[in-house]
Amino acid sequence: MAEKSNVVMKDAKYFENRELSWILFDHRILGEARDRSNPLFERLKFLSITASNLDEFFMVRVASIKDMVNAGYTKKDIAGMTPKTQLAAIGRATHELVDLQYSTWGRSLNPQLLKDGLHIIAHHEDLDKEEEAFVDHYFQENVYPVLTPMAVDSSRPFPLIRNKTLNIGAMVRKKKKGSELEFVTVQVPSVLNRVVELPIKEGEIKRVILLEEIIERNISKLFLNYTIVCAHPFRIMRNADLTIEEDEAEDLLKEIEKQIKKRQWGECIRLEVEQGMDKDLLAFLKKELSIADAYVYEIDGPLDLTVLMKLYGLDGFEDFKAPKHEPKPVPELPAGCNIFEQIRKGDVLMQHPYQSFEPVVDFIRQAAVDPKVLAIKQTLYRVSGNSPIIAALAQAAENGKQVTVLVELKARFDEENNIVWARKLEKAGCHVIYGLLGLKTHSKITLVVRREENGIQRYVHLGTGNYNDATAKLYTDVGLLTCSETVGEDATAVFNMLSGYSEPLFWNKLSLAPLWLKDRFLFLIEREKKYALEGRKARIIAKMNSLCDPDVIVALYEASAAGVKIDLIVRGICCLRVGIPGVSENITVRSIVGNFLEHARIFYFENDEHPEVYCSSADWMPRNLERRVEILFPIDQPQLKEELRHVLDVQLADTVKACILKPDGTYEKVDGRGKKAVLAQDVFCKEAAKKAKVAKTAGESRTFKPKMAPTN
Amino acid sequence: MSFKTFAAISVGSFELTMKIFEFSGKNTMREIDCLSQRLDLGSETYATGKMSREKIDELCRTLLDYKEVMKTYKVDAFRAYGTSALRETKNTLIVLDQIAQRTGIEIKILSNSEQRFLDYKSVASKGESFRRIIEEKTAIVDVSNGSIQLSLFDNDALMSTQNLRLGVLRLQEMLTHLNAGRDQMEALVDELANAQLATYKKLYLKDREIQNIIIMDDYISPWAIRRAGNDPDKSTIGLEDFDSLMTLLRSSGSMAAAKALGVAEEKVPLVLISAVLTRRIAKVMGAKKVWAPGVTLCDGMAYEYAEEIKMFRGEHDFERDIIACAGGISKRYMGSRKRAETLEYLAITIFDSMKKIHGMGKRERLYLQIAALLHDCGKYVSLVDVGETSYDIIMATEIIGLSHAEREIVASVVRYNHSDFTYYGYNESRGSDFAGKESYLTIAKLTAILRLANSLDRSHKQKLRGLKAQLLEGELRLMIDTQEDITLEKGFFDTSSEFFQEVYSVVPVLKTNKKF
């Protein structure tokens, strides 16, 4: 096979646009919502996720592309699309996505809910007399006091409709003859539960109604001297992301900043309205919000499907939900053990959420009170509210340990939350570093320095997921606890660098972005290519969340062309195309969307029968490799390497949740016919349980159980 | 097992570095942390001679940070040494006092010879790799920001050491003044270096062929080590590698070069200067192989401290190097080696027998040895004013491993061996405490011994062979074996014993043990 040159490999036709690829990802989640083999309420959850994902996509991605268009930026992306063409394509694709969301809701989920015992009253007109009385009372007591109705006339301008809020717009007319139509609006208060349960009647199923319907029914009470001509809910999305998305060309920033200053508030980039909204009302909204037809979404169903998460939270219906998952204990680190002693016996690999995150919390808790511990250093990106880790760090500082914490304030949408606990840590006496100038610190690393009998000993935790005990129950991640001397030295160097000191003379084990990580990945891929050309064993298996770095993709194409078999497990965006003759015939891409969010980044390189396995906080995205502090760490112990290889193999064998990327750019569920059904996440759950059980029985033989005194 | 931790801070001209070391009983020294902050003190002080307030602030801020890091390891001790940038600051004492007040860290300024000695110790801390390489003719090229130091080894011992003002940062400063573009830089550095190196070659190198060069610098060493797969024992560079390094530096932008070399971008021009210098030196010396062990002053400081607290014993005998170096100087000024050795033997024998009385230690013994070796170097200039000219020569010659103050002691002892002793007594305006009182007493004590030893070999014929010295009842009994006539010696002995008695209140008595 003739090898194509690097230049040819970079051809735009070999790449997928990342936004469109993202939309396909949301489609795959929607696929789970449509999959009848999933429990009904889990399907609601998936549908809800597609909606909240889409909101974020608009606010961040669509917003910044729109900024580019507004600024007249015409540079093409890797797939050869200008911002303008991207925006048009995104518009078409999101309309399709939304249509599918609501047909899933209307045709499949909502009817099924009714069958399974939950009636959602779509229109307040469908309430019976008793219920009408109930909701009116509810309105008077709970809703009315928190509403702020607003009118628009010559003296009152169009009000600021807040981003992402649900509102009810109405056309009204003064109760005087010959009065003109006027616009009024009221926000559906987000402080109240949007799902209102109606009183249960003997022998009937549970009935609920949405808050906006209750308000709509009572809207005349808000505008007493007016006749309500029509009232409909609407929702807008603004270009609120004033911090420009880091992925975009920097030369643009100034231009965009100027644009933003011109605007009083973020431009409206999406308007969702109830289908069949009054024409005058719609026209008025479109004019006032200055939004084009392409950005208006007429919705057949409740606006903002994230409300389904609230439905999921209703009591009962346990039969229609997946059984609650309990993370299993890590056998190497039984509860109550001295973690440091255990780590000294050998590296410990943890797989969350199959295995518990508790040992990681314990690692810091024990360090906080251990008299031998001198210092704790940690990077924190997104932390849960009321985090036990924060509490332990604060305690450590109070106990006189040297505690250094790098708090990443730039974590999207989390800024305020982060500042609060960062201050808390500072008060306790921790040395807090508020991120790095121009770089987001995305690496997840903890270093504990202990003064032991034989000298200074360092313990390190490295992970692919955030130090967040809440998400650790939902995201699949890998963590490593080690006291390896070489990793310890590197970890110290990482924190020195994060404190502003120079890079060490050399790194032993870790590779750091934005310094060497990309080079390292390219080197590893090229090495496989070299081996393949020499006829030696070469193979790459890589699992990550997103793949869109052009340099990495070209390297993969070249490796594939050289004969390296490459299997990629990419949950989300994938700009690589498969099956291009002479370019990517040896590459497969699959995506797994399951009950847990796939989040671990694991990389396997065959290296001529000397396999190397790495884990990382970074995806193969330019922003991870070039604009963030990320860490790649090797897994050295042979047994742990095997374990991770097994994880990859099981995922490659998944026949239930895996979708395969086709040469035409679409995804398709694995054809499971004739194969044993393999559900990777289930397999891991069972394996974790088995491991924990073996450890438990092994432990039992070492303890005695005294008999209790007989009770009468 | 007990272990100690130690922090070594080096206030360099371009960087402020702290390394934390751990010493454990097994004669092992482990670096456990290294922090380094770019702090360009050199450019300013080389040009203006003063340190600005901003720099002092920055220095203090970082030192305070370092103190926090020291707490992280609960270090048992720390030391902070300053090099050329601080040395060349006119208001050094004021600056150092300010820093001490604000940070509680007292920075000691190293003289060049002390600094180089520590650097040299840091290379020696490499143990086996070092021992192997210096078996051949080897030069240590210590490239720092203010100057470079060239030390020659032959057969396992130090031969000579010279300082050239060709520091990397100093050259860059100079080039900036010359408004040199990047293209010209290479040629200019080469030209500047070549001029000084030609003189060096003529005077010190002569026809010696040097096989190996050990380079110490902060610029090409990281590159060399990374190239060697991060193994400092294998980081050797051939002459052809220099060519490829130069090509890289010439052809790529500074950002790409920084990445390829693994250094910060602002260091790239300094890498170029260091590379040109090293290549030129290798060519002048005819060396084929350059080894960059990547050690720094901090490593030497740790070595020094560990030796002091007896947690580490290096294989290499550094005192022998200092003495060998002094021997080299004596040879250059045509001193008689035999005479020097006899004098050294006599002086040391007296010194050792007087331990109870003089209360001096190992270090002073070393001064005496060096003074004995250099006792007549001034004769090269004048046969009349030997004391004064010797003093001047010693003061102008670097003796590696000796600080400036120590060198002054040695020079003074040699001077008073020939000239009248200058007394310092009580003075109304000064009182009896004055700076240098300690040194003054050391000089007096060592002079007394050297004079006595000198008188024993007045004829320079090495008539006295076996000398036995014994302290008995307020007398220093010196028994000598000789068959020859020692009238001359006896005569001078009486004169010089006066001063000896004055200093020690001990009467030296010379007895011959004539064997027939």
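This is a predicted model: local features need pLDDT of at least 70, side-chain atom pairs count only at pLDDT 80 or more; totals for chains, interfaces and linings use all residues.
1. Overall form of chain A. Chain A contains 19 helices and 27 strands. Its radius of gyration is 28 Å, close to the 27 Å that the globule rule gives for 712 residues, so chain A is as compact as a globular protein of that length. Along the principal axes, the C-alpha atoms of chain A fill a box of roughly 95 × 85 × 60 Å.

2. Interior of chain A. Of the 712 residues in chain A, 43% are buried. Among contacts in chain A with a separation of 6 or more, 73% join residues 24 or more positions apart.

3. Contact between the chains. Chain B contributes 23 residues to the contact and chain A contributes 16 residues. On the side of chain B that touches chain A, two or more residues come from each of strand 1 (3-11), strand 2 (15-24), strand 3 (28-38), helix 2 (53-73) and helix 9 (220-227) of chain B. Strand 3 of chain B gives the most, with seven residues. By class, this side of chain B has nine nonpolar, seven polar and seven charged residues.

4. A helix pair in chain A. Two packed helices are described by the angle between their axes and the distance between the axes. The axes of helix 15 (residues 517-533) of chain A and helix 16 (residues 550-561) of chain A come within 9 Å and cross at roughly 10 degrees. Angles under 35 degrees count as roughly parallel, and helix 15 of chain A and helix 16 of chain A are therefore roughly parallel to each other.

5. Residues between these helices. From helix 15 of chain A, the contact includes Phe521(A), Leu522(A), Ile525(A) and Lys529(A). Helix 16 of chain A supplies residues including Asp551(A), Val552(A), Leu556(A) and Glu558(A). The residues of this contact divide into eight nonpolar, no polar and six charged.

6. A sheet in chain B. Three strands of chain B form an open sheet in the order 12-13-14, with mixed pairing. Strand 12 (467-472) and strand 14 (507-512) of chain B are the edge strands, each pairing on one side only. From one strand to the next, the twist averages 20 degrees.

7. Pairing and packing in this sheet. Strand 12 of chain B and strand 13 (residues 475-480) of chain B run antiparallel and are joined by six bridges. Leu471(B) stands opposite Leu476(B) in strand 13 of chain B. Helix 15 (residues 337-353) of chain B packs on the sheet and touches strand 12 and strand 13 of chain B. The direction of this helix makes about 25 degrees with that of strand 12 of chain B.

Conventions: Residues are numbered from 1 along each chain as its sequence is written. Chains are lettered from A and ligands numbered from 1 in the order in which they are written. Helices (H or I, at least four residues) and strands (E, at least two) are DSSP runs, numbered from the N terminus. The radius of gyration is taken over C-alpha atoms; the globule rule is 2.2 Å times the number of residues to the power 0.38. A residue is buried if 20 or more other C-beta atoms lie within 10 Å of its own, exposed if 12 or fewer, and partly exposed in between; C-beta atoms are placed from the backbone. Two residues are in contact if their C-beta atoms, placed from the backbone, lie within 7 Å. Ala, Val, Leu, Ile, Met, Phe, Trp, Tyr, Cys and Pro count as nonpolar, Asp, Glu, Lys and Arg as charged, and the others, Gly among them, as polar. Axes are lines fitted to C-alpha atoms, for helices over the stretch in contact, and angles run from 0 to 180 degrees between N-to-C directions. Angles under 35 degrees count as roughly parallel, over 145 as roughly antiparallel, 65 to 115 as roughly perpendicular and the rest as oblique. Two strands pair if DSSP finds at least two bridges between them.
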